[in-house]
Amino acid sequence: MRERVSRQQTTQQLIRELLRQRPAAQPVDLKKALNDDGIRVSVDEVIDYIHGVKKTLDETEQVFVAPPECQDCGFDDWDNPGNIPSRCPEKDCRSERIAEPEFTIRGPESGY
Ligand SMILES: [Zn+2]
């Protein structure tokens with residue numbers, strides 16, 4: 001049990017550092033970076049970790065989200081921009097070609 005907790009903390013810390021280093025990261029990019037480090041996570045888990053990262057930041061840093069965008073009609077007014085939608089909610093569109101949201105941390109340590 002203790003091992004599981006520390007592994008999760010490490011993964012969360014890695015994601016926090018990746019978000020600080022990059023101007024914008026899609027969950028799939030973070031997943032690839034973690035897989036390269038030998039950490040197996042799904043895109044959904046990456047999003048869960050990002051929500052966890054938010055709680056670890058002090059008031060000088062913030063997680064910013066660029067919402068997902070429909071590749072066909074440009075819709076980006078999602079109720080929850082931090083999730084990956086499966087299809088466009090627009091009545092005449094319903095496209096499944098949705099660009100993933102992009103996350104970044106901005107604050108004194110991010111350097112941009
Ligand atoms: Zn659409």
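Me: Arg94 sits in a loop, but between which strands?
Reply: Bear in mind that this is a predicted model, in which local features need pLDDT of at least 70, side-chain atom pairs count only at pLDDT 80 or more, and totals for chains, interfaces and linings use all residues. Residue numbers run from 1 along each chain as its sequence is written. Helices (H or I, at least four residues) and strands (E, at least two) are DSSP runs numbered from the N terminus. On that basis, the loop with Arg94 runs between β2 (69–70) and β3 (98–99).

Me: And is Arg94 buried or exposed?
Reply: Burial is a count of other C-beta atoms, placed from the backbone, within 10 Å of a residue's own: 20 or more is buried, 12 or fewer is exposed, and anything in between is partly exposed. Arg94 also has a positive phi of about 55°, although it is not a glycine. With 12 C-beta neighbours inside 10 Å, Arg94 counts as exposed.

Me: At what angle do the axes of α2 and α3 cross?
Reply: Two packed helices are described by the angle between their axes and the distance between the axes. Here the axes are lines fitted to C-alpha atoms over the stretch in contact, and angles between N-to-C directions run from 0 to 180 degrees. The axes of α2 (residues 27–36) and α3 (residues 43–56) come within 9 Å and cross at roughly 100°.

Me: How are α2 and α3 placed to each other, then?
Reply: The cut-offs are under 35 degrees for roughly parallel, over 145 for roughly antiparallel, 65 to 115 for roughly perpendicular, and oblique for the rest. α2 and α3 are therefore roughly perpendicular.

Me: Which residues of α3 make the contact?
Reply: Two residues are in contact if their C-beta atoms, placed from the backbone, lie within 7 Å. From α2, the contact uses Pro27, Val28, Leu30 and Lys31, and from α3 it uses Val43, Val46 and Ile47.

Me: Within what arc do the buried residues of α2 fall?
Reply: The buried residues of α2 are Pro27, Leu30 and Lys31, while Val28, Lys32 and Asp36 are exposed on the other side of α2. The arc is that of the directions from the helix axis to the C-beta atoms. Seen down the axis of α2, the buried residues line one face, because they fall within an arc of 105°.

Me: Which element gives the largest share of the largest nonpolar core?
Reply: A nonpolar core is a set of buried Ala, Val, Leu, Ile, Met, Phe, Trp, Tyr and Cys residues joined through C-beta atoms within 7 Å. The largest one has 12 residues, including Ile15, Leu30, Tyr49 and Phe103. Two or more residues come from each of α1 (2–21), α3 and β4 (102–106). The largest share, five residues, comes from α3.
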